[in-house]
Amino acid sequence: MRFEVGEKNYELVYSINVIADMEETTGRSFESIFTGPSISALRLLIWTGLITNDPNMTLRQAGDIVQEYLAGGNSVESLTGVVTKAMSDAGFLAAQGAKRVKK
């Protein structure tokens, strides 16, 4: 799932390996991270989606991307929608994701 921030395009790619790495790094389950409505969870999910194409991406860099997205007049809700769609497309939210995207 691609999204634009400023003049740059980013692609969120979710796989079983990056989700497992995220769980192992945080000690939290995917479900608790995804359903936890917090800025740190959103930053973590963006970072997780970006590291496949940019393995050197840091959490802070992901946070800077989120900040630039918001500064561009976009909302947290719209970015959450991008993440939800990417997760659903990757098969991680088969039943749950379809409902969230329709909002």
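This is a predicted model: local features need pLDDT of at least 70, side-chain atom pairs count only at pLDDT 80 or more; totals for chains, interfaces and linings use all residues.
Student: Thanks! What is the mean pLDDT of the protein?

Tutor: pLDDT is the predictor's confidence in each residue, on a scale from 0 to 100. Here 90% of the residues reach 70 or more, and the mean for the protein is 88.

Student: Which element has the lowest mean pLDDT?

Tutor: Elements here are DSSP runs numbered from the N terminus: helices (H or I, at least four residues) and strands (E, at least two). At the top end is helix α4 (residues 59-71), with the highest mean, 97. At the other end the mean is 47, and the element is helix α6 (residues 94-101).

Student: How many contacts does the stretch with pLDDT below 50 have beyond near neighbours in sequence?

Tutor: That stretch covers residues 96-103. With contact meaning heavy atoms within 4.5 Å, its number in the model, beyond near neighbours in sequence, is 10.

Student: Let's turn to helix packing. At what angle do α3 and α5 pack?

Tutor: Two packed helices are described by the angle between their axes and the distance between the axes. The axes are lines fitted to C-alpha atoms, for helices over the stretch in contact, and angles run from 0 to 180 degrees between N-to-C directions. For helix α3 (residues 39-50) and α5, the axes are 11 Å apart and the angle is about 45 degrees.

Student: Is that arrangement parallel or oblique, and why?

Tutor: Angles under 35 degrees count as roughly parallel, over 145 as roughly antiparallel, 65 to 115 as roughly perpendicular, and the rest as oblique. The contact is made by Ile39, Leu42, Leu45 and Ile46 of α3 with Val76, Leu79, Thr80, Val83 and Met87 of α5. Because an angle of about 45 degrees falls in the remaining class, α3 is to α5 oblique.

Student: Is the crossing of α3 and α5 left-handed or right-handed?

Tutor: A crossing is left-handed if the near helix is turned anticlockwise from the far one by less than a right angle, and right-handed if clockwise. The crossing of α3 and α5 is left-handed.

Student: And which residues of α5 make the contact with α4?

Tutor: The axes of α4 and α5 come within 9 Å and cross at roughly 125 degrees, and the two helices are therefore oblique to each other. α4 passes α5 in a right-handed crossing. From α4 the contact uses Val66, Tyr69 and Leu70, and from α5 it uses Val76, Ser78, Leu79 and Val82.

Student: Which residues of α3 make the contact with α1?

Tutor: Helix α1 (residues 16-26) and α3 pack at about 135 degrees with axes 9 Å apart, so they too are oblique to each other. α1 passes α3 in a right-handed crossing. Val18, Ile19, Met22 and Thr26 of α1 meet Leu44, Leu45 and Thr48 of α3.

Student: Is Thr48 buried or exposed?

Tutor: Thr48 sits in helix α3. Leaving aside neighbours within four places in sequence, Thr48 is in contact with Val13, Tyr14, Val18, Ile19 and Met22. Buried means under 20% relative accessible area, exposed over 50%, and partly exposed in between (1.4 Å probe, protein chains only). At 1% relative accessibility, Thr48 is buried.

Student: How many salt bridges does the structure hold?

Tutor: A salt bridge is a side-chain nitrogen of Lys or Arg within 4 Å of a carboxyl oxygen of Asp or Glu. Glu11 and Arg2 form one (3.6 Å, N to O), where Glu11 is partly exposed at 29% and Arg2 is exposed at 57%. The structure holds 2.

Student: Which residue meets Lys85 in a salt bridge?

Tutor: Lys85 is partly exposed, at 32% relative accessibility. The N to O distance is 2.8 Å, and the partner is Asp89.

Student: Last one: how many Å separate the C-alpha atoms of Ser88 and Tyr14?

Tutor: Ser88 is in helix α5 and is partly exposed, at 21%. Ser88 and Tyr14 are 74 residues apart along the chain, and their C-alpha atoms are separated by 9.6 Å.

Terms used:
Residues are numbered from 1 along each chain as its sequence is written. Side-chain values use heavy atoms; hydrogens and water are left out.
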